[in-house]
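Have a look at the fold before reading on.

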Amino acid sequence: MTTGEDAKNGAGNGVATHYHTCPLCEACCNLEIKTRGRTVESVRGDDADVFSHGFICPKGAAVADLDADPDRLRTPLVRRDGRHVEASWDEAFAEIERNLPGILSEHGRDSVAVYLGNPSAHHVGLGLYSRVLLKALSSHNIFSASTVDQMPKQVAAGLMFGTSLSIPVPDVDRTDHLWILGGNPLVSNGSLMTAPDMRGRLRTIRERGGKVVVFDPRRTRTAEAADEHHFIRPGRDAFFLLGVIHTLLTEKRAAPGRLAAMTDGLDRLGSLVRDFAPEVVAPACGIAADEIRRLARDLAAAPSAAVYARIGTCTQEFGTITSWLVDVLNLLTGNLDREGGALFPRGAAGAANTLGAPGRGRGLRVGRFQSRVRGLPEACGELPVACLAEEIETPGAGQIKALITIAGNPVLSTPNGARLRKALEQLEFMVSVDIYLNETTRHANVVLPGTSPFEQSHYPIAFTQLAVRNFARYSPAIFDVPEGQMPEWRTLLRLAGIVSGQGAASDVDGLDDFVFEQQLQKALSSEHSPIHGREADDIRRQLSRWTGPERLLDLNLRTGPYGDAFGANPGGLTLATVAASEHGVDLGALAPRLPEALRTPTGRIDATPELLVKDLDRARARLADDAAGLVLVGRRDLRSNNSWMHNIPSLVSGRPRCTLHVHPSDAARLGLADGCSARVTSRAGSVDALVEVTDGVMPGVVSLPHGWGHDDSGSRLRVAREHAGVCSNHLADELLVDANSGNAVLNGIPITVEPVAASASAG
Ligand SMILES: Nc1nc2c(c(=O)[nH]1)N[C@H]1C(S)=C(S)[C@@H](COP(=O)(O)OP(=O)(O)OC[C@H]3O[C@@H](n4cnc5c(=O)[nH]c(N)nc54)[C@H](O)[C@@H]3O)O[C@H]1N2
Ligand SMILES: Nc1nc2c(c(=O)[nH]1)N[C@H]1C(S)=C(S)[C@@H](COP(=O)(O)OP(=O)(O)OC[C@H]3O[C@@H](n4cnc5c(=O)[nH]c(N)nc54)[C@H](O)[C@@H]3O)O[C@H]1N2
Ligand code: SF4
Ligand SMILES: [Mo]
């Protein structure tokens with residue numbers, strides 16, 4: 001921790017300079033933070049950072065406002081007589097102890113569910129220790145934001161390459177040709193592609209004579225910065241990709257190169273795509289047959305090319321098929337695992353595709369168990385969050401009676417939030433680990449507050465496995481955890497103690513030692529670990545300066561692909577050496593990793609996973625029977641972050657952003673004008689939204705951003721409530737999911753739109 005005067009700038013004015021990875025989005029920009037005492041004086045980009053080179057977005061600077069937000073919780077809350085009152089930690093844990101163990105013993109492990117939200121991937125303590133809680137609980141009812149996000153990609157990648165984070169990342173800094181489907185990285189700052197400053201990176205592609213092509217039902221900022229933009233019908237990317245593959249195969253343009261020898265199923269592809277000729281798929285995807293052929297030829301002819309697809313292609317009816325076909329395309333064009341194409345990053349810590357035997361593994365199995373009510377398959381150890389409400393509502397053995405939410409706001413972020421909100425009221429008990437009393441946590445019996453991002457250390461374990469360049473960066477906490485607050489990893493360990501029957505007063509340090517010992521023993525006994533067979537005491541001694549997340553992180557780094565292996569690989573990484581590089585450690589450009597990175601049971605790439613091949617039948621049926629009505633898609637805004645940064649004044653100022661984008665031709669037909677109110681109705685519900693007429697959306701498609709709808713009087717979000725907006729997830733239908741991943745369909749939702757009479761909308 002840096003404290004006191006800043007030796008580096010010699011200012012002698014009590015100002016200290018710190019560096020910290022921004023915890024808000026996947027870009028992982030390094031922030032330069034000036035503090036005086038406990039006050040943050042400024043936040044800017046760290047120009048010297050080896051990875052983000054000074055880039056930040058408006059949200060990065062607003063982390064200081066988050067730190068200072070008076071609504072941010074700093075004390076546990078316990079609900080008494082319907083009101084949340086401040087309580088001590090001991091009181092809060094005692095309340096949990098009075099309730100959870102009884103529910104578990106009466107109704108069994110599955111009666112307690114957990115929902116893990118997105119920020120749990122953005123905080124190292126939450127990430128590492130939520131796993132400990134899940135293990136201690138061992139409930140089947142585990143849900144997360146992954147099934148309203150990237151689960152289709154994880155399933156497809158797992159089936160093809162063997163682990164759910166073996167996701168090929170576009171080599172944006174070297175590619176000649178980049179396709180972007182369903183992603184808007186100039187606004188979202190990228191996802192499943194950790195790459196700060198995508199605007200600069202796209203510009204560089206074009207400056208060196210390369211080409212950027214965007215497929216999106218909206219003309220996004222990314223589309224505007226590209227060479228070509230094609231409107232594509234929501235939920236119909238799979239058809240387009242099938243048409244492209246059809247073209248490559250029939251025109252004999254496929255050239256998988258060296259990967260052909262390590263891939264199964266290539267010879268099946270021709271028959272699989274037979275029904276999907278460009279002429280056949282064109283009406284469904286909205287891109288003309290000639291264009292499909294021309295695009296396929298351009299892609300095949302490019303010296304190097306990468307096809308990248310993100311959330312618009314996941315949160316839709318054919319999410320897993322689409323995610324699979326994207327990498328089939330990378331494979332067929334010879335661009336998978338080669339420079340300028342799409343490659344597998346080599347994560348320095350904790351990457352599953354760096355552990356165990358190189359080139360072979362257990363692979364990914366899905367559907368090991370099913371959800372109780374709807375029978376939807378498990379994926380990656382969790383069930384689709386689209387099932388959460390029904391699992392709470394429906395009586396019977398295995399019914400969810402209690403819920404723990406960790407850094408999540410599913411009432412606003414998951415489909416049919418209105419139904420979920422009602423279901424939460426039916427729970428016998430609910431605990432939330434969160435930093436706000438919001439639309440979800442207000443239903444909790446006990447709310448356990450996290451700390452400010454600046455009061456915790458960070459290492460982006462997941463995102464260093466998805467970065468366009470290999471890097472490592474550790475950020476120490478800038479401020480001590482204030483008196484009366486608790487690091488979140490300790491909170492999670494106490495919860496783990498309670499659900500495992502050790503009581504509210506369990507020895508947290510003892511539990512932490514236990515967690516560490518388990519990981520240590522695993523590393524010592526694994527034949528492929530660089531510390532296999534070493535003396536446990538030798539390793540323990542070398543780790544003795546750390547506890548908590550740091551100790552686990554150090555173990556992971558040192559036994560990882562760049563690690564010092566506790567002395568066996570002198571000069572290798574340790575947490576201490578990474579921590580000493582406050583501007584990050586550059587580990588080089590992405591490099592080919594196949595077959596070493598594979599963890600499939602066969603040791604080969606599966607180009608045609610059976611599960612996905614079968615699912616093509618569903619696509620075939622849709623092709624024959626596609627309705628042409630209006631559909632809803634979402635969108636992101638640079639100053640939003642899902643549902644939870646709307647309490648920061650600088651991020652909600654200006655014109656309302658929660659507006660319904662409608663194409664002029666649709667507006668004319670429906671009798672809608674700019675600034676009027678429109679009622680949007682789906683099977684799930686109805687909202688009244690402010691209309692913005694724009695040709696930035698394609699005809700037949702309307703767009704409403706998610707994460708708004710802050711009108712709940714039970715929350716403690718004073719700023720957000722003044723900018724409430726409406727919740728697009730009241731329209732998202734919890735019954736619509738992608739078959740194999742169970743991922744919610746949040747794009748391409750059938751809806752109707754009608755004007756709201758002025759008098760009716762005034763109220
Ligand atoms: N319609 C539609 N819905 C969507 C999407 C979409 O595109 N369209 N996108 C989906 C995606 S990609 C995602 S990832 C999900 C997100 O779904 P969620 O993760 O459920 O929702 P968030 O809005 O990210 O809420 C994050 C929560 O974490 C809390 N939090 C923030 N920092 C911390 C911390 O340090 N500690 C703790 N304990 N809590 C913290 C916040 O207060 C908030 O309650 O939403 C999904 N929902
Ligand atoms: N500013 C900001 N940044 C964020 C977030 C945020 O809320 N705000 N959230 C963060 C999170 S959790 C995530 S997961 C990432 C997501 O990062 P991105 O995947 O880049 O997300 P979006 O910006 O929503 O871009 C999705 C695009 O898909 C388009 N689309 C919708 N349906 C379809 C379809 O069927 N096919 C195709 N081809 N396109 C479609 C939409 O119009 C939209 O432009 O962003 C992260 N960064
Ligand atoms: S782009 Fe993402 S990581 Fe970078 S400053 Fe903005 S919110 Fe933070
Ligand atoms: Mo996300």
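Which residues line the largest cavity? They are Cys22, Leu24, Cys25, Ala27, Cys28, Cys29, Leu31, Ile56, Cys57, Lys59, Gly60 and Asn189.

## Ground rules

This is a predicted model, where local features need pLDDT of at least 70, side-chain atom pairs count only at pLDDT 80 or more, and totals for chains, interfaces and linings use all residues. Residues are numbered from 1 along each chain as its sequence is written, chains are lettered from A and ligands numbered from 1 in the order in which they are written, and side-chain values use heavy atoms, with hydrogens and water left out.

## Cavities

A cavity here is a set of points, on a 1 Å grid over the protein atoms alone, where a 1.4 Å probe fits but cannot get out; lining residues have an atom within 4 Å of a point. Points are joined across faces, edges and corners, and volume is the space filled by probe spheres set on them. That gives four cavities of 30 Å³ or more.

A nonpolar core is a set of buried Ala, Val, Leu, Ile, Met, Phe, Trp, Tyr and Cys residues joined through side-chain atoms within 4.5 Å. Buried is under 20% relative accessible area, exposed over 50% and partly exposed in between (1.4 Å probe, protein chains only). The largest core has 92 residues, and Trp179, Phe239, Phe240 and Trp324 touch the most other members. A second, separate core of 68 residues includes Ala87, Val112, Ala349 and Leu543.

## Helix H7

Helix H7 (residues 198-207) has Met198, Gly200, Arg201, Leu202 and Ile205 as its buried residues. These pack, with contact meaning heavy atoms within 4.5 Å, against strand E9 (177-181), helix H6 (185-188), strand E10 (211-215) and helix H8 (221-224). After H7 comes Gly209, with a positive phi near 90°.

Asp81 has a positive phi of about 50° despite not being a glycine. Asp81 sits in the loop between strands E4 (77-80) and E5 (83-86), and is exposed at 84% relative accessible area. Asn642, also not a glycine, has a positive phi of about 45°. Then there's the cis peptide bond from Leu594 to Pro595, with omega near 10°.

Is Gln456 buried or exposed? Gln456 is buried, because its relative accessible area is 13%, even though it lies in the loop between strands E17 (446-449) and E18 (469-472). Leaving out residues up to four places away in sequence, Gln456 touches His20, His123, Thr451, Ser475, Pro476 and Ala477.

Note on methods
On a 1 Å grid over the protein atoms alone, a cavity is a set of points where a 1.4 Å probe fits but cannot get out, and a pocket is an open set with protein on both sides within 12 Å along at least five of seven lines; lining residues have an atom within 4 Å of a point. Helices (H or I, at least four residues) and strands (E, at least two) are DSSP runs, numbered from the N terminus.
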